[in-house]
Amino acid sequence: MVATDDAAQLTTVDALPENESFLFTVLERDGSKEEVVLVNGGDCIAAWRNFCQHETDQRLDRGFGAAMRDGEIICPKHGSMFDACSGHCDNGEANGSTLISVDVTVEAGNIYLTDRTCEFLHEGGIEEDTDEDEGMPSSSSHLTF
Ligand code: FES
C-alpha cells in the first residue's frame with residue numbers, strides 16, 4: 001500500500017504553477033473546519049494552515065490566491081514573508097515563526113492530501129461550502145479567518 005492509496009487528490013502539479021496557490025477546506029478530528037493553502041514554492045509543493053503566525057485570524061489566501069513572490073508567501077496584512085517550502089518567516093511582524101504544515105504527497109504528477117489529522121472536504125475556503133446549504137443563505141455560525 002502506498003501513501004496515496006486512500007488519499008484525496010487535490011489537484012495536479014501542472015495545474016499549480018510556480019508561485020501559485022490552491023485553497024481547500026479540511027475537516028479536523030474535532031469536527032471543526034480549517035482552511036489549507038497548497039503552494040508551489042518552485043523547489044517544493046507544500047501545504048500550510050491558512051493563517052498567519054503573527055495574527056492567527058489573518059488568512060494568507062483570502063479566497064483569491066495567496067500573494068507569492070520568489071517562493072515566498074506574503075501575509076496580506078503586514079507583509080511578512082514565509083518560505084513556501086519550509087514555512088519559516090525571518091522578517092517583519094511574524095519574524096521567527098513557522099506556518100503549520102499539512103502533509104501532501106506528489107505522485108505521478110498528482111497532488112494528494114496525505115495528512116492523517118484531517119480529511120478533505122472541498123476546494124476553496126470554508127465559506128465557499130454551499131453543499132450543505134443548497135444555495136440557501138447561511139443561517140448558522142459564520143467563521144472568519
Ligand atoms: S498578520 Fe501577518 S504579518 Fe501581521
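Is Asp70 buried or exposed? Select Asp70 and take a look: Asp70 is exposed, with a relative accessible area of 69% (buried means under 20%, exposed over 50%, partly exposed in between, using a 1.4 Å probe and protein chains only).

Before moving on, know that this is a predicted model, where local features need pLDDT of at least 70, side-chain atom pairs count only at pLDDT 80 or more, and totals for chains, interfaces and linings use all residues. Residues are numbered from 1 along each chain as its sequence is written, and side-chain values use heavy atoms, without hydrogens or water.

Stay on Asp70, which sits in the loop between strand S5 (67–69) and strand S6 (72–74). Strands (E, at least two residues) are DSSP runs numbered from the N terminus. The phi of Asp70 is positive, near 50°. Most residues other than glycine have a negative phi.

Next, select Asn19, in the loop between strand S1 (8–12) and strand S2 (21–28). Asn19 has a positive phi too, about 65°, and counts as partly exposed at 22% relative accessibility.

Now hop to Glu28 in strand S2. Glu28 counts as buried, at 13%. Leaving aside neighbours within four places in sequence, Glu28 is in contact (heavy atoms within 4.5 Å) with Glu34, Arg49, Thr117 and Cys118.

Last stop: show the open sheet of 3 strands, ordered S1-S10-S9 with antiparallel pairing (two strands pair if DSSP finds at least two bridges between them). S1 and S9 (104–107) are at the edges with a single partner strand each, so one side of each has no neighbour in the sheet. Zoom in on S9 and S10 (110–113), joined by 4 bridges, and find Val106 opposite Ile111.
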